[in-house]
Each structure stands twice: as structure tokens, then as C-alpha cells.
Amino acid sequence: MRRLRWVPLIVCLVLIVFLGSAVLYGRAMPAPAAPDLSEAGLDVCNGKLCLFHVTPGITTYDQAKHALAPYITRDETNHFHGQVGGAEIRVETDGSGLETRAIQVQAPYNVQSSLSIRFSQIIQQFGMPCYIADVGIRSGGLSLVYPSFSIQVSADQERISLDSPISSIMLVEDNNLDAANRTCESAEGVVPWRGFASVQVYRSLQQNSQWSEPYGSYPR
């Protein structure tokens with residue numbers, strides 16, 4: 001009987017040693033790699049998405065042209081188009097013609113394809129979106145807004161998931177938005193993020209809300 005009394009204590013000691021070893025092993029493992037957003041030269045600059053280190057609101061339009069000169073395919077004065085790998089880019093200037101206002105990176109529109117970036121990679125780097133900007137009628141996808149960019153997420157069978165591909169990313173300049181998601185709480189007249197609900201749920205919410213898209217439409 002006395003021997004049996006020691007069994008629980010021995011079991012507890014074994015578990016403590018096992019758990020301690022697991023913690024030490026986990027700490028010794030290398031940190032998980034940052035999500036690869038490098039398609040078309042996308043990167044994170046000071047917490048915000050950038051394209052070849054060109055950031056709307058920070059990089060001048062002349063600097064953007066110089067940095068992206070090898071990729072420009074058509075220059076239309078107040079904006080220019082380009083091709084980087086399999087992605088198309090469009091860079092806009094502001095009203096003064098001096099600053100970079102917006103950058104769009106998208107899959108070729110005429111073949112209805114998507115970028116290799118998945119929604120899970122955006123969430124891993126920037127967390128959940130602030131709100132829904134639009135529900136696509138033809139594409140069936142969602143336009144999701146983050147503090148300094150928005151994305152077009154493709155849906156599969158009327159639903160998006162962590163594995164849903166991104167078909168377009170719009171980097172924007174807005175002095176009221178930052179990388180800390182400070183504007184998410186004060187957004188009004190928009191469709192709130194309801195997680196991985198069906199596209200039909202978001203479509204109904206949009207129809208019942210006073211929706212207005214602050215980011216403008218995705219240019220083609």
C-alpha cells in the first residue's frame with residue numbers, strides 16, 4: 001500500500017520533466033518564417049505593404065517611376081501600368097502630380113486568374129480586416145479593407161477561407177489610416193467583418209447597410 005502512494009507523485013514528476021523538455025525544445029526551434037508576399041515585388045516597409053519599397057503617401061511619384069522603370073509598359077501621365085512576372089501593376093499619382101497615391105497589383109484580368117498569395121498569408125502578417133468594402137456580383141468574392149491597403153479575395157462555392165487566393169491588392173495613401181488598425185473601431189456605414197461567413201451573408205449585410213466604398217473602385 002505504501003508503494004502505491006508513491007505512484008501519483010512519480011507520475012507527476014515524469015509529466016513535469018516531459019513538459020519542461022517540450023518547452024525547451026520549442027524555444028530552441030527556429031521562429032516560423034514570415035509569409036512570402038514577394039510576388040510582383042511586394043514587401044512590408046515600416047509595417048505597411050510596399051512595392052519594390054515604393055509606398056503610397058511616402059514615395060514621390062518620380063521616385064516610383066525610377067524604381068519601377070524596368071517594368072513600365074504604358075505611361076499615361078497621371079498613372080502608369082507595368083508587368084512584374086505574372087502580375088500587372090498600376091501606379092497612380094495624387095492631384096498634385098508629386099506624390100504616389102495608390103498602387104495596384106493584380107493577376108491578369110483577361111484570364112481571370114489569381115495571384116499566388118493566399119488570404120492566410122495576409123492574416124498572418126496583418127491580422128483580420130477592418131471591414132468589407134464590396135461584395136463582387138460577378139466574381140462572387142469579397143473586397144476586404146485593411147488600414148493601408150485593400151484586397152480582392154476570390155470565393156469558392158460562395159465562401160472564402162484561409163486558403164482563398166488573392167486576385168488583387170490595392171495599396172493606398174490615407175493619413176487617417178495606419179498599420180495599427182486604429183480606424184477599425186470608428187468605421188461607419190460599412191459592412192463589418194463577420195469572419196468566414198458565406199458571401200450571401202455579406203451580400204445581405206451590404207444591401208441592408210448604408211454602404212459607401214472609401215477606397216474607390218479597382219481600376220482596370
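Mentor: Happy to; we will take salt bridges, then aromatic pairs, then a surface patch. Keep in mind that this is a predicted model.

Trainee: What makes E92 and R101 a salt bridge?

Mentor: A side-chain nitrogen of Lys or Arg has to lie within 4 Å of a carboxyl oxygen of Asp or Glu. For E92 and R101 the N to O distance is 2.3 Å, so the pair meets the definition. A search of the whole structure finds 6 salt bridges.

Trainee: How do you know whether E92 counts as buried or exposed?

Mentor: Buried means under 20% relative accessible area. E92 has 13% relative accessibility, so E92 counts as buried.

Trainee: Why is the contact of D163 and R118 called a salt bridge?

Mentor: Their closest N and O atoms are 3.7 Å apart, and the cut-off is 4 Å, so the pair qualifies. The two come from distant parts of the chain: D163 sits in the loop between β9 and β10, and R118 in the loop between β6 (100-106) and α3 (119-126), 45 residues apart. D163, with a relative accessible area of 54%, is exposed because the limit is over 50%. R118, at 28%, is partly exposed.

Trainee: What makes R203 and E158 a link between distant parts of the chain?

Mentor: R203 belongs to helix α4 (residues 199-207) and E158 to the loop between β9 and β10, 45 residues apart. Their closest N and O atoms are 3.5 Å apart, in a salt bridge. R203 counts as buried at 19% relative accessibility, because the limit is under 20%. E158, at 37%, counts as partly exposed.

Trainee: Now the rings. How many aromatic pairs does a search of the whole structure find?

Mentor: There are 9. Take F126 and Y146: their ring centres are 6.5 Å apart and their planes stand at 65 degrees, so the pair is edge-to-face. The angle cut-off for that label is over 60 degrees. F126 lies in helix α3 and Y146 in the loop between β8 (142-145) and β9, so the pair ties together parts that are 20 residues apart in sequence.

Trainee: Why is the pair of F126 and F149 called edge-to-face?

Mentor: The planes are 65 degrees apart, and over 60 counts as edge-to-face, so the label follows. The centres are 5.0 Å apart. F126 is in helix α3 and F149 in strand β9, 23 residues apart. With relative accessibility of 15% for F126 and 1% for F149, both fall under 20%, so both are buried.

Trainee: Which residues do ring pairs link into a cluster?

Mentor: F119, W193, F196 and Y202.

Terms used: Residues numbered from 1 in each chain as written. Predicted model: local features only at pLDDT ≥ 70, side-chain atom pairs only at ≥ 80, totals over all residues. Heavy atoms only, no water. Buried < 20%, exposed > 50% of the residue type's maximum accessible area, 1.4 Å probe, protein only. Helix = DSSP H or I, 4+ residues; strand = E, 2+ residues; numbered from the N terminus. Phe/Tyr/Trp six-rings, centres within 6.5 Å; stacked < 30°, edge-to-face > 60°.
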